[in-house]
Amino acid sequence: MDRLAQLIEETTDVRVLKRALSVKLGAEGMATEAIGTVLQVTPRAVRKWRRCYEREGGEGIPVKYRGSESYRSVEQRQEVEDWRGAQETITLEEVCAELEARYGIVYQSKQSYYDLLDASGLSYHRTEKGNPNRNETQVLERREEIKKNWRRGGPRLSAER
């Protein structure tokens with residue numbers, strides 16, 4: 001139980017915390033269904049985690065799956081970051097074409113491309129950090145016009161319409 005308490009105190013992974021808590025609560029006599037309700041998991045998951053703990057001890061609790069290996073190396077990721085940073089504007093199609101041309105990578109899901117854009121502070125909805133057509137003088141004139149009209153007429157209440 002010392003390893004279990006250590007996992008509960010030190011883990012930053014919510015999945016590990018839920019597993020450890022389910023085992024601890026079960027050991028304290030709490031019903032499997034109640035544990036599932038409290039942790040928002042199925043009773044089947046609670047039973048599975050308890051069996052793993054009984055079979056492997058504290059080593060059966062942590063998540064063993066670490067995900068798949070990245071398609072790009074650290075150096076390649078940095079090269080793509082540098083390339084994206086040098087672009088004033090960029091489209092999703094340009095990102096797709098660049099990755100395929102440089103590394104022969106074609107992701108199955110567009111989400112991977114969205115994640116690349118997101119890392120640069122961009123999105124597939126808005127691939128520019130600012131409006132390229134923004135005219136600062138027009139913006140200031142419009143703000144002044146709004147302020148003047150606001151002071152003159154006051155705010156409209158929905159009942160006046």
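Modeller: The expected span of a helix is 1.5 Å times one less than its number of residues, and in this predicted model that rule can be applied to helix H4, residues 43-56.

Colleague: What makes the reach of H4 close to the expected one?

Modeller: Helix H4 has 14 residues and reaches 20 Å from its first C-alpha to its last, which is set against the 20 Å expected at 1.5 Å a residue.

Colleague: Which residues of H4 are buried, and why are they said to line one face of the helix?

Modeller: The buried residues are Ala-45, Val-46, Trp-49, Cys-52 and Tyr-53. Seen down the axis of H4, these buried residues fall within an arc of 125°, and therefore they line one face of the helix. Helices H1 (2-10), H2 (14-27) and H3 (32-39) are included in what covers them, whereas the face turned away from the buried side carries the exposed residues Arg-44, Glu-54 and Arg-55.

Colleague: Where is Arg-72 found, and why is it said to have no salt bridge?

Modeller: Arg-72 is found in the loop between H4 and helix H5 (74-86). A salt bridge needs a side-chain nitrogen of Lys or Arg within 4 Å of a carboxyl oxygen of Asp or Glu; for the buried Arg-72 the nearest side chain of opposite charge, Glu-81, is 6.9 Å away, so no salt bridge is counted.

Colleague: What makes the pairing of the side chains of Arg-72 and Tyr-107 a polar contact?

Modeller: The cut-off for a pair of N or O atoms is 3.5 Å, and the contact that joins the side chains of Arg-72 and Tyr-107 is 3.2 Å, so it counts as a polar contact.

Note on methods
Residues are numbered from 1 along each chain as its sequence is written. This is a predicted model: local features need pLDDT of at least 70, side-chain atom pairs count only at pLDDT 80 or more; totals for chains, interfaces and linings use all residues. Side-chain values use heavy atoms; hydrogens and water are left out. Helices (H or I, at least four residues) and strands (E, at least two) are DSSP runs, numbered from the N terminus. Buried means under 20% relative accessible area, exposed over 50%, partly exposed in between (1.4 Å probe, protein chains only). The arc is that of the directions from the helix axis to the C-beta atoms. Contact means heavy atoms within 4.5 Å. Lys and Arg count as positive and Asp and Glu as negative; His and the chain ends are not counted. A polar contact is a pair of N or O atoms within 3.5 Å; within protein, one must be able to donate a hydrogen and the other to accept it, and residues adjacent in sequence count only if both atoms are side-chain atoms.
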